[in-house]
Amino acid sequence: MNGQDSAPENAAEYDVVVVGAGVAGLYAVHRFRRQGLTVRAFEAASGVGGVWYWNRYPGARCDVESVDYSYSFSPELEQEWDWSEKYATQPEILAYLEHVADRFDLRRDIQFDTRVTSATLDEDSLRWTVRTDRGDVVSARFFVVAAGPLSNANTPDFDGLDTFTGDVFHTAYWPHEGVDFTGKRVAVIGTGSSGIQSIPHIAEQADQLFVFQRSANYSVPAGNAPLDDATRAEQKAGYAERRRLSWESGGGSPHRAHPKLTLEASEEERRAAYEERWKLGGVLYSKTFADQLTDQAANDTAREFWEEKIRAVIDDPAIAELLIPNDHAIGAKRIVTDSGYYETYNRDNVHLVNLKAAPIVGMDATGINTTDAHYDVDAIVLATGFDAMTGSLDKLEIVGRDGLALKDKWAAGPETYLGLGIDGFPNFFNLTGPGSPSVLANMVLHSELHVDWVADAIAYLDDRGATAIEGTPEAVADWVEECRNRAEASLLNTANSWYLGANIPGRPRVFMPFLGGFAGYRQIITEVADSGYKGFAII
Ligand code: N01
């Protein structure tokens, strides 16, 4: 590719091509269209939903409250949709996104079962030529990737996996018809969110369940509950205030950290605060106090409280010992939100396999071999996560100025200005990816924030008769440094997590999300827009 790729003369032309019809892609289609732009979205799946289309494993559920994990752009939509539980299940979130697609008539601008394979800049016109695996070639002024930071599943290169004669499933590509494990011996590899959510469900069905754990994780019970009419009515009546608080928060939900720093609070206050967060459920536990993820001594107090709670529900102290992480601060990897995970190890049919003591050597026809045993199983469930943040982008051949491919430009780690601009890639926007709060924030509001920002930038160009917007190298360099400094001040930088690409062999170790909080980030990108896009070249 030479960076001069112009589309054939008969190629369809759009103002915007969007990759993906998940949470961000759906809103992008709606928002850009509302602005009078022509939009074409390409979606590899047969339906809308993105991660919520693919991740159908048993127990899949969001770890942000349903009332918050929903679009804010339409007050009518907020009022008409009824969530049935505090934390929605995958089928309910998918039903919601399907409703949104229908309600706003989005499907007519989405081409399903079509994967974008490349996007190449025509340096003369500054348009993007986009190709798909179905042979489409289209031309777009703006190329917007809404493929999501957690969409490229990671299947480790296990020796002999293809010789296993039983069934192999990946949590991220679960069969739509579901899987019946009744009477089966099942192995689950991986104890991140996907493993921890699915294990209790698989344990209930399977004859025997072997959980292969390489690293223990911190999980906090969801405290999930059905929502009754009164609660729903109260939530709907308070939506405006709830959203205001969310937009002004560190993570995009309306909850505030305790007013004191961890060690300023008395022991009694601290325990009360942890107890309250415990009841709230899940991932918010890592934000009980504002300094919990920057101060190791503060973090230790949260960890001790967590440990006490968890030991109390596991019958066998030796199993508890294995399930309690000893290699990272609590919250430095995303806290898992579970329903009945630790209690599952009290079942007779559940066996924890400690891969730290005996790693997996490989698979054979009948099961899994570790360095000290063979496990005969009928099915293997890979809950082994994602090549996060940049994995899906790498699969798209995105070629900018001078024929430079994005994956080569980012060989040492992703570099952006505000997560929204990349020098050499004018009019290309990657939504909710590296350089933005991304997965550290409520992804629905974050998607709206990014799409609105891009739509406003397009309007700004159009008002001035300009062709393109492009992050300058200086602004990119400054933002990369800003992101690095913030990461270095945080305990999140110290764990071997997918935030750093540490789960994928060969990936450079770079903390990818921006760690300045959702509200802080929103303020920065809003000020940049208001200043006439400082740090961007307007061409
Ligand atoms: O993936 P993960 P995930 N041999 O990377 C293990 C979001 N999400 O799909 O830690 C053996 O967290 C790996 O071990 P280790 C959420 O943001 C949200 O569970 O690398 N084991 C780990 O235990 C989440 O953080 C929800 O030592 C291997 C596991 O596989 C993110 O997605 C639900 C291995 C992978 O855990 C990712 O979660 C689901 C190997 N070769 C996901 N390779 C909600 O609740 C990997 N592992 C909304």
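# Reading helices, sheets and a ligand shell

Q: How do helix 14 and helix 16 stand to each other, roughly parallel or roughly antiparallel?
A: Helix 14 and helix 16 are roughly parallel to each other, a label for angles under 35 degrees, while those over 145 count as roughly antiparallel, 65 to 115 as roughly perpendicular and the rest as oblique. Helices (H or I, at least four residues) and strands (E, at least two) are DSSP runs numbered from the N terminus.

Q: How far can this model be trusted, and what pLDDT does the protein average?
A: This is a predicted model, in which local features need pLDDT of at least 70 and side-chain atom pairs count only at pLDDT 80 or more, whereas totals for chains, interfaces and linings use all residues. Residues are numbered from 1 along each chain as its sequence is written. The protein averages a pLDDT of 97, and 99% of the residues score at least 70, where pLDDT is the predictor's confidence in each residue, from 0 to 100. For the complex, the predictor gives an ipTM of 0.99 and a pTM of 0.97.

Q: At what angle do helix 14 and helix 16 pack, and which residues meet?
A: Two packed helices are described by the angle between their axes and the distance between the axes. Here helix 14 (residues 443-464) and helix 16 (residues 518-530) pack at about 5°, with their axes 11 Å apart; axes are lines fitted to C-alpha atoms, for helices over the stretch in contact, and angles run from 0 to 180 degrees between N-to-C directions. From helix 14, His446, Leu449, Trp453, Asp456 and Ala457 meet Phe518, Arg522, Ile525 and Ala529 of helix 16, contact being C-beta atoms, placed from the backbone, that lie within 7 Å. The residues of this contact divide into six nonpolar, one polar and two charged. In that count Ala, Val, Leu, Ile, Met, Phe, Trp, Tyr, Cys and Pro are nonpolar, Asp, Glu, Lys and Arg charged, and the others, Gly among them, polar.

Q: In what order do the strands of the three-stranded sheet stand?
A: Strands of a sheet pair through backbone hydrogen bonds, either parallel or antiparallel. This open sheet has the order 13-14-15, with antiparallel pairing, and two strands pair if DSSP finds at least two bridges between them. Strand 13 (360-364) and strand 15 (374-376) stand at the edges with a single partner strand each, so one side of each is left without a neighbour in the sheet. Neighbouring strands of this sheet are turned against each other by 20° on average, direction ignored.

Q: Which strands stand at the edges of the five-stranded sheet?
A: The order of this open sheet is 7-16-8-9-12, with parallel pairing. Strand 7 (167-170) and strand 12 (350-354) stand at its edges, each with a single partner strand, so one side of each is left without a neighbour in the sheet. Inside the sheet, strand 8 (residues 185-189) and strand 9 (residues 208-213) pair in the parallel sense over five bridges, and arginine 185 has glutamine 208 as its partner in strand 9.

Q: What does helix 5 lie across, and what does helix 5 give to the shell around the ligand?
A: Helix 5 lies across strand 8, strand 9, strand 12 and strand 16 (379-382), running at about 170° to strand 8. Helix 5 (residues 193-205) also gives the most to the shell around the ligand, with four residues.

Q: How many residues surround the ligand, and which are the closest?
A: The ligand is surrounded by 26 residues, the closest being Pro156, Gly190, Gly192, Ser215 and Gly385; a residue is near a molecule if its C-beta atom, placed from the backbone, lies within 6 Å of it. The shell divides into 10 nonpolar, 12 polar and four charged residues.

Conventions:
Two residues are in contact if their C-beta atoms, placed from the backbone, lie within 7 Å.
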